[in-house]
Amino acid sequence: MEETLYDMAVIGAGGAGTMAYLRGVLNGNRVVLFTGDADSKRKGRATWVMDVDNIPGMHGLDRPITRTSASTLKWLKGQEGLSELGETLKAKVDRVSKEDDCFVLEYTSRKASASLRARNVVLATGVMDVQPSIGGSIEPIFPFANRGEAIYCVRCDGHRTRGHSLSVVGRSDSAIHIGSMMMDRYGHEDVPVLTNGTGADFSPKARETAELYGMELLESPIVEILESDDGGLAGFLLEDGRKVGSSRSVIALGIIAYNELLTSLGGEVDAVGKAVVSDSFESNVEGFFVVGDLVAGSKMQIYTAWDEAVDAADEVDRRVRARKRKIRRTSRSS
Ligand SMILES: Cc1cc2nc3c(=O)[nH]c(=O)nc-3n(C[C@H](O)[C@H](O)[C@H](O)COP(=O)(O)OP(=O)(O)OC[C@H]3O[C@@H](n4cnc5c(N)ncnc54)[C@H](O)[C@@H]3O)c2cc1C
């Protein structure tokens, strides 16, 4: 049997990857989607989104990204005329290389290791938020992240801090920027910034802002998370003995970019490891697109991920059609 050469391989099935796959199939292209393994899913941001307030129609949905992705993939499987265009693999892509004018993707699933070929790749592996180390471990913050009391996206959940005591855990200017914005927007009177030990890197301008807003910059490491009677976030105990009362905390320590599949091909990334892309979300590696949170300058939202994914899939479709047109011309003239 002849090996399938896919028009597009999509790596990652969060908000961005699912939309790229859906658009590709709806465009009539041959598309394969790698949904990742259990470990990559756990490390994906999609898994951490318990509910969404900032997108019309998503209110009240439990784990909206994973649920909507699953229902989209299920729907596509049942659509006559579309189902044969797409294939989903519960597998993690380990390596991508370029051979002639296509990409070879090596992947591992629970069943086996294998490879396949695609003319274009859409990378949607996302990023992960850096977690604060407390007592030498990142585990202590997780229960509060699951309860939505440790907040990672202020555009998504900043409004939920209203009426709560708030802190920001961060070491760079963005921590001060977030703190002052939360004070302006939601009426917080005091938002301390906890740098959690060494490595604070505030510019003079940011320090000036902190002073203007009366924000304390506390550099002592966090040694313990304080809990309320019902197990909720109550604050932080610092190594210098200080207790910081805080029932909500924005974690602003930066991100880890899952960019290895791009950089191994010589793809360009910015200072924090995010992909530098063109207007159609193509990296400097021809035919290799990047969408979603991994894109430099992205708003890191579900709806921006969707839009980026559509732009990339449409550009792939344009190339697929150009190829078909060329074949049509050649066969006509011969
Ligand atoms: C706590 C939290 C709350 C948020 N709330 C909102 C909100 O309310 N509204 C909003 O618009 N946005 C929200 N976001 C942001 C939103 O989650 C992302 O913008 C969106 O999911 C797009 O991400 P993505 O698809 O680029 O990456 P992700 O969602 O992180 O998905 C990446 C996927 O790639 C897969 N993967 C990784 N490596 C591989 C590999 N090698 N092979 C195969 N697969 C791989 C993973 O399994 C994962 O499924 C929130 C984020 C967080 C952390």
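Contacts between residues 24 or more positions apart make up 58% of those in the protein chain that have a separation of 6 or more. In this predicted model, 39% of the 334 residues of the protein chain count as buried. The secondary structure of the protein chain comprises 9 helices and 17 strands. Along the principal axes, the C-alpha atoms occupy a box of roughly 80 × 40 × 35 Å.

The domain assignment divides the protein chain into two parts. Contact between the domains involves 7 residues of domain 1 and 6 residues of domain 2. On the side of domain 1 that touches domain 2, the residues fall into 3 nonpolar, 2 polar and 2 charged.

The surroundings of the ligand were examined next. A shell of 39 residues surrounds the ligand, and the closest of these are Gly12, Gly14, Gly36, Gly126 and Gly292. Two or more residues of the shell are contributed by each of the elements α1 (15-26), α2 (38-42), β4 (91-99) and α9 (302-333). Classified by residue type, the shell around the ligand contains 21 nonpolar, 12 polar and 6 charged residues. Both domains take part in the shell, with at least three residues drawn from domain 1 (5-128 + 255-333) and at least three from domain 2 (131-252).

An open sheet of 3 strands was also identified, with the order β12-β13-β14 and antiparallel pairing. Strands β12 (222-227) and β14 (243-245) stand at the edges of this sheet; each has a single partner strand, and therefore one side of each is left without a neighbour in the sheet. From one strand to the next, the twist averages 25 degrees. Strand β13, formed by residues 233-238, runs antiparallel to β14 and is joined to β14 by 3 bridges. Within this pairing, Phe236 has Val244 of β14 as its bridge partner.

Notes. Residues numbered from 1 in each chain as written. Predicted model: local features only at pLDDT ≥ 70, side-chain atom pairs only at ≥ 80, totals over all residues. Helix = DSSP H or I, 4+ residues; strand = E, 2+ residues; numbered from the N terminus. Buried ≥ 20, exposed ≤ 12 C-beta atoms within 10 Å, placed from the backbone. Nonpolar A, V, L, I, M, F, W, Y, C, P; charged D, E, K, R; others polar. Near = placed C-beta within 6 Å. Domains from an automatic or database assignment. Pairing = 2+ DSSP bridges. Axes fitted to C-alpha atoms, helices over the stretch in contact; angles between N-to-C directions.
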